[in-house]
Amino acid sequence: MIEVGLNHYLVVSSILFSLGVYGVVTRKNAVMVLMGLELILNAANINFIAFAKYGNFGLGGQAMALFVIILAAAEAAIALAIVLNLYKTFSNVNVDEIDKLKE
Amino acid sequence: MINEILNSITFIYPELAVSIFLLIIVLVDLVFHKDKKYIPYISLAGLVITGILVLNQIGITHFAFVPQLSAVKKYGMMTIDPFGSYFKLLVVVTSILIIFFTIASEEVIDLKERLGEFHALIYGMILGMLVMISASDLILIYLSLELLSLSSYVLAGFLKLRERSSEASLKYVIYGSVSSGLMLFGISIIYGLTGSTNLYVINSLIQGPQINLFTLSFSSILMFVGIGYKISAAPFHFWTPDVYEGAPISITAYLSVASKAAGFALLIRFIQTGFTSFISEDGYWTLIAVFDWQALLIAISILTMTLGNFSALWQDNLKRMLAYSSIAHAGYILLGIAVLSNQGLIAVLIYFFVYMLMNIGAFYVVMLISNKTGSENIDDYDGLGAKAPFLGVALAIFLISLTGLPPTAGFIAKLYLFIALIDANMIVVAIIALLNTVVSLYYYVRVLKHMYLTKSEREQENITPSIGSLVYLLVLLIPILFFGIYFTPIVEFARSCVSLLGI
């Protein structure tokens with residue numbers, strides 16, 4: 001049985017982060033882009049909690065993770081409201097088809 | 001602990017005033033849902049009170065919310081210092097100007113029912129900016145950045161029936177949340193390296209030999225992504241033209257001045273408290289040799305102003321052109337930080353004051369004309385000099401000031417910037433910035449050419465601005481011309497506000 005240590009958490013968080021960035025860059029659908037964003041935020045959360053636990057840094061990391069969870073929810077709510085409003089005007093939510101502003 | 005918190009509250013009166021008025025506006029909006037025309041005046045009253053509270057703070061230096069553990073070296077979650085007070089004053093004055101701006105703007109008048117939400121969201125932005133300016137803890141920096149961003153995402157798309165506005169807010173929310181997500185990842189790595197989120201503690205810990213330089217550089221760059229997006233620096237500027245074009249004009253003007261000012265205040269505080277080891281007698285900052293901020297800032301600022309100026313050359317929409325011009329101005333201001341000296345910082349403070357006056361003024365004239373014609377296209381400005389003589393002259397002065405020609409205040413701002421650059425022996429950079437100014441002359445003068453030399457093909461209809469608009473424009477024009485000739489007062493005021501607390 002391997003002891004789970006800081007490195008394991010960091011590997012998981014960097015994989016999540018890379019997947020998140022990949023999702024944001026490649027996906028066309030705005031909702032999928034937002035899901036990629038959630039992965040980036042959660043990667044940072046794993047980092048905070050792992051560092052706080054294994055580095056004996058006190059509770060600062062955990063507190064930060066709580067704030068981030070709340071903000072992620074607020075951000076998702078606002079972003080989804082904007083996407084919904086966009087769907088009403090454009091009747092699709094593909095990021096690369098919404099380009100009225102380019103000349 | 002309780003005593004410390006109660007004691008700290010006396011240092012955040014401006015933020016408290018903003019929070020209280022935010023609640024008042026929401027309540028008034030709920031209770032008096034028939035009659036909303038008083039809401040702008042309530043928010044003006046709140047801003048005046050906040051402004052007075054900020055004025056009271058000028059000159060105070062203090063740490064607020066100090067944790068009990070900090071016995072060796074004093075530090076806090078928030079730092080109250082003259083530098084922060086200067087930027088807070090700038091934000092409050094900009095907000096007051098913007099509230100008057102919205103009173104005259106047809107787009108906002110048409111909102112009627114939703115006016116309360118509009119002002120509540122503006123207050124959300126103000127609260128975010130005020131906290132961001134004095135935050136010296138990474139947690140607080142991230143939270144205030146998000147508060148500012150979340151409110152501005154909604155405001156950018158506030159005209160939700162208009163296609164351009166919805167698209168602007170989608171682009172804003174995607175670019176904004178991704179860059180703040182990257183910034184958060186950077187914060188988490190810095191936390192792992194140092195075990196603290198406070199900039200003062202981080203400063204003393206990264207001077208130790210055991211810090212992994214590669215990881216620290218990586219996380220610093222990630223941090224800069226978040227800040228760079230807020231100030232629309234070059235590789236992160238893609239949202240700027242689209243959002244500025246699509247958002248309501250009043251919000252465009254607000255984003256281009258206030259939220260940029262808060263972003264710059266954050267960047268300066270981050271570099272000075274986080275990465276500076278000491279400040280010499282003649283005001284030059286020595287950075288801790290872990291990450292070369294100066295090289296990064298110089299590269300980014302040259303890229304930013306060149307891209308901004310050259311893209312502005314072929315824009316036909318005035319809002320979009322002013323967006324690119326504001327990117328270019330962010331480049332000039334970044335140079336003032338890249339000097340890494342108090343002299344550069346004075347130049348930045350002067351520049352921001354002048355930039356506020358001239359940029360809001362230019363947007364105001366664009367708004368008055370779009371109220372009449374319904375468009376911001378440059379062809380609609382043909383023959384404007386004859387149709388609306390006062391507006392023509394006002395826009396001409398604002399644009400000349402944005403170019404940086406005497407006798408306007410824009411010249412003084414650029415002059416102090418170049419003096420700071422030359423004193424720090426950055427001659428090559430100064431020459432590049434000067435050449436950029438020459439390029440910018442072309443697209444500003446192009447508007448003047450359309451106003452005065454091109455005959456309009458359509459019916460001539462005179463545009464006569466109301467008395468209120470005349471007064472508003474005069475309030476902006478007189479300081480621009482006055483400080484262009486007699487600039488000692490702002491220079492002295494900036495000099496007295498240059499000190500940051502700490503190190």
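Which residues does Y351(B) touch, not counting residues up to four places away in sequence? I looked that up first. Y351(B) touches Y332(B), I333(B), G336(B), A413(B) and L417(B).

**Ground rules.** I am working with a predicted model, where local features need pLDDT of at least 70, side-chain atom pairs count only at pLDDT 80 or more, and totals for chains, interfaces and linings use all residues. Residues are numbered from 1 along each chain as its sequence is written, and chains are lettered from A, ligands numbered from 1, in the order in which they are written.

**Confidence.** The model scores ipTM 0.95 and pTM 0.94. I read pLDDT as the predictor's confidence in each residue, from 0 to 100. Its mean over chain B is 89, and 98% of the residues of chain B reach 70 or more. Within chain B, confidence is highest in α7(B), at 94, and lowest in helix α5 (residues 106-109), at a mean of 81.

**Chain B overall.** I counted helices (H or I, at least four residues) and strands (E, at least two) as DSSP runs, numbered from the N terminus. Chain B has 21 helices and four strands. Its radius of gyration is 22 Å, close to the 23 Å that the globule rule gives for 503 residues, so chain B is as compact as a globular protein of that length. That radius is taken over C-alpha atoms, and the rule is 2.2 Å times the number of residues to the power 0.38. The C-alpha atoms of chain B fill a box of roughly 75 × 60 × 40 Å along the principal axes. I called a residue buried if 20 or more other C-beta atoms lie within 10 Å of its own, exposed if 12 or fewer, and partly exposed in between, with C-beta atoms placed from the backbone. On that count 58% of the 503 residues of chain B are buried. Of the contacts in chain B with a separation of 6 or more, 77% come from residues 24 or more positions apart.

**Core.** I defined a nonpolar core as a set of buried Ala, Val, Leu, Ile, Met, Phe, Trp, Tyr and Cys residues joined through C-beta atoms within 7 Å. The largest has 212 residues. A262(B), I350(B) and Y351(B) have the most contacts inside it. Helix α15 (residues 342-373) of chain B gives the largest share of this core, 23 residues.

**Helix α19(B).** I followed this helix over residues 427-452. Its 26 residues reach 37 Å from first C-alpha to last, close to the 38 Å expected at 1.5 Å a residue. The expected span is 1.5 Å times one less than the number of residues. Its buried residues are A433(B), N436(B), S440(B), Y443(B), Y444(B), V447(B) and M451(B). They pack against α13 (293-312), α14 (318-338), α16 (384-387) and α17 (389-403) of chain B.

**Chain A.** I found three helices and zero strands. The radius of gyration of chain A is 17 Å, well over the 13 Å that the globule rule gives for 103 residues, so chain A is more spread out than a compact globule. Its C-alpha atoms fill a box of roughly 55 × 25 × 25 Å along the principal axes. Buried residues make up 31% of the chain.

**Interface.** I see 32 residues of chain B in contact with 33 residues of chain A. On the chain B side, α7 (138-156), α8 (163-194) and α11 (239-246) each supply at least two residues. Helix α8(B) gives the most, with 19 residues.

**G176(B).** I found this residue in helix α8 of chain B. G176(B) is buried, with 27 other C-beta atoms within 10 Å. Beyond neighbours within four places in sequence, its contacts are S149(B), Y153(B) and Y229(B). The C-alpha atoms of G176(B) and S149(B) are separated by 7.2 Å.

Most residues other than glycine have a negative phi, and most peptide bonds are trans. I noted a cis peptide bond joining P406(B) and P407(B), with omega about 5 degrees. P407(B) lies in the loop between α17 and α18 (409-423) of chain B. Phi of F65(B) is positive, near 55 degrees. F65(B) is partly exposed, with 19 C-beta neighbours inside 10 Å. L340(B) also has a positive phi, of about 55 degrees. L340(B) is buried, with 23 other C-beta atoms within 10 Å.

Methods
Two residues are in contact if their C-beta atoms, placed from the backbone, lie within 7 Å.
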